[in-house]
Amino acid sequence: MAKELLMEIGTEEIPAAFLPRVIEDLADLAAKELSEGRLSYGEIKTFATPRRLALIVTDLNERQETQIVKKTGPATRVAWDKEGRFTPAALGFARSQGVEPADLKVVSTDKGDYLAFEKEIPGEETARLLPALLPRLILALPFRKSMRWGYSEIRFARPIHWLLALYGGETIPFVIDGITSGSSSQGHRFLSPAPFSVRNFAHYLKETKARFVVVDPEERRKIISDGVTKEAAKVNGKALLDPDLLSQVVFLTEYPEVLCGHFEEEFLDLPREVLATVMMSHQKYFPIVSESGDLLPYFLTVTNTPARDRQVVRRGNEKVIRARLADARFFFKEDQKIPLEARLPGLGHVVFHALLGSVADKVARLQALSLYLTEILNPDLAPICERAAVLAKADLLTQMVGEFPELQGIMGREYALRSGEDSRVARAIYEHYLPVASGGELPESDAGAILSIADKIDSIVGFFSVKLPPTGTADPYALRRQALGVINIILERNYPLDLDELIDRTLSNLAGCRKGSPEEIKGEVLEFFRGRLSNQLIAQGYSSDGVEAVACLGIRRILSAVNKIEALEQFRRRNDFADLVATFKRVENIIKGMKTNQEADPTLFRQYEEKELHRSLLRIKGNIARLLGKEEYLSCLVELASLKKPVDAFFDAVLVMAKEEEVRGNRLALLTEISCLISSLADFSRIQTS
């Protein structure tokens, strides 16, 4: 009989940014634990509020599935002697399994027939397994950051205050950090903090809501979305419902309620981004816009409690936003009294990183890299890129960016325009920070794209140079995001950049900072980029083996590598693809460990098939060289496929490992040439066809 499992972890407030990923991880880990425990179930659902993580598993079987364990013993050829009696090998195997020899069976395998014994292991009761499974599941949850508290030896996102665990309505007993699981939960921290008993999931949902807790984040999302739409309509506007902000607010609240507030119209003279940053980033308010998209002097706030007096709450929020906007207006006016260029000397006093110098040092490297990139990509942009590079970081010294760091680049663009700089320079200053998030907006101008690549490659190579690369759990300098930014800008704009040469140039600018040889650092950076590119392409739906088959040969030219992978994806749709791969792999297997640098000598060929293979190779080699020059990789692969017939004929008729050393070496040289031609496109040994 199947029963329902309900678990809740009650905590102090967990940061909203943690929760979307945590509820996914909780579901995945629960599925893994139950599957490994041979426990069948119906459906897994997870929920979260700032103060609780909840798990519901429906139709969880009362007992583990029965396990059939097969033990294989000696081969049948040594299991009986000539008289048909069991040998010591067979008797010893039976004894090790605790059975009589007559209970053993004969099973057939690819390697022959063997004695075997099948043992049935009955499943344990689920209720007996859960007291160990649930604590293991809870403590395995990963968080961006975790903490210890008091004298606790465990780590969790925030201190745990209560544990609810019910299976079929019965408490599952376990203890974590001195807290014993039970059958009670707690309501809203301020509105209904007392514990209350829970019978099952339906009762849990009903009782939590009665105590001002909406457990399901999707239900809270709908409450907030409907609320902001309704409130915005009251002032003839519509809410600017940013998805990221909505997700944040959903996980900041347990019982959301939407209120509309107002601020003075004079603040609308501030740049739109300043208003949006103050409202959305700092106050977690939703701006309201008109039908034409212009900001209106209103905002929407989401409270975590029903307001007894909505006017009091509204006025409190209006007072806060008014003060923040007044500060922003003051900074905006004061900053414009000093041109961006006049701030440049101060960058020498701002540390970029203790091991990589000041921001002025960063700007000098940015300037040099930008000029290098314009030589390759667009020489006409050199003056624009150089000027933008010089001014790119100047807004870091403004009061506005000091108060609102999210506005760096944005204020640089604004102040550059107000200082009379070329609009292309101002745009590049803003765009060199793009993308600011994975999958975010990319630079639209060439100058912005060039500056963005220069800035990001300097940071990536710089931190690798001082031995501060990302780790499996931490990336404090956002190097993964920056690498993806470089990759996506190159792909978006079809830039024929040589990553190897770009890293070399960047390393030369960092000569005084490097800890390690340039070759070692470059190898690490190239491998880092290869990993980022491979992960992105696999996430986009490309086959992992196809990506690896090309990427393992190097990604010096990112655009070319991606085009090769795309061509391989198309090529593998051929009906004969598996047979082609088998032929290519056969070539590699024959010459493994015996590759030679010499070219095949036609005068040493003895048989028609090897002569014909050599003629085919020379013809196809020339065609592929021509097609590679034009980067027509699919056509290259089609040409390569025409080698299958002469290669198969060669293997059928020719003995590669001939007795005569000269003949043998010549045949290996021929196969080596074929191998080199194949591997100029992909490493087919990494392709899976079954």
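Which residue in β8 is the bridge partner of Y167? It's E170, and the views below start with the sheet that holds this pair.

A note on what you're looking at: this is a predicted model, in which local features need pLDDT of at least 70 and side-chain atom pairs count only at pLDDT 80 or more, while totals for chains, interfaces and linings use all residues. Residues are numbered from 1 along each chain as its sequence is written, and side-chain values use heavy atoms, with hydrogens and water left out.

**View 1. The open sheet has 5 strands, in the order β2-β3-β1-β7-β8**. The pairing here is antiparallel; two strands pair if DSSP finds at least two bridges between them. Helices (H or I, at least four residues) and strands (E, at least two) are DSSP runs, numbered from the N terminus. At the edges you'll find β2 (44-49) and β8 (170-171), each with a single partner strand, so one side of each has no neighbour in the sheet. Strand β7 (residues 160-167) and β8 run antiparallel and are joined by 2 bridges.

**View 2. β2 and β3 make a hairpin with 2 residues between them**. These antiparallel strands are joined by 6 bridges, and T46 stands opposite L55 in β3. Buried means under 20% relative accessible area, exposed means over 50%, and partly exposed is in between (1.4 Å probe, protein chains only). Helix α1 (residues 19-36) lies across β1 (2-11), β2 and β3 (52-61), and runs at about 150 degrees to β2. For that angle, axes are lines fitted to C-alpha atoms, for helices over the stretch in contact, and angles run from 0 to 180 degrees between N-to-C directions. Contact means heavy atoms within 4.5 Å.

**View 3. Another hairpin, formed by β5 and β6, also has 2 residues between its strands**. Strand β5 (residues 105-109) pairs with strand β6 (residues 112-121) in the antiparallel sense, over 5 bridges. Look for K105, which stands opposite A116 in β6.

**View 4. The largest nonpolar core has 126 residues**. A nonpolar core is a set of buried Ala, Val, Leu, Ile, Met, Phe, Trp, Tyr and Cys residues joined through side-chain atoms within 4.5 Å. The members that touch the most others are M400, F529, L568, L640, I674 and F684. Helix α14 (residues 446-465) gives the most to this core, with 11 residues. Zoom in on I674 and you'll see it touching V587, L613, L617, L643 and V647, not counting residues up to four places away in sequence. Apart from this core lies another, of 56 residues, among them V22, L34, F174 and V250.

**View 5. F299 sits in strand β16 (residues 295-303)**. F299 is buried, with a relative accessible area of 1%. Leaving aside neighbours within four places in sequence, the residues in contact with F299 include L259, C260, F263, M279, Y285, F286, I288 and I321. H262, N317 and E318 are also among the contacts of F299. For a sense of scale, F299 and D504 are 205 residues apart in sequence and 50 Å apart in space, C-alpha to C-alpha.

View 6. Most residues other than glycine have a negative phi, and most peptide bonds are trans. A cis peptide bond joins L434 and P435, with omega about -5 degrees; P435 is in the loop between α13 (423-431) and α14. D59, in strand β3, has a positive phi near 50 degrees without being a glycine. At 48% relative accessibility, D59 counts as partly exposed. K467 isn't a glycine either, and has a positive phi of about 65 degrees. You'll find K467 in the loop between α14 and α15 (479-493), where it counts as partly exposed at 36% relative accessibility.

**View 7. Zooming back out, the protein chain has 24 helices and 18 strands**. The radius of gyration is 34 Å, well over the 26 Å that the globule rule gives for 690 residues, so the chain is more spread out than a compact globule. That radius is taken over C-alpha atoms, and the globule rule is 2.2 Å times the number of residues to the power 0.38. The C-alpha trace spans about 95 × 75 × 45 Å along its principal axes. Buried residues make up 49% of the 690 residues.
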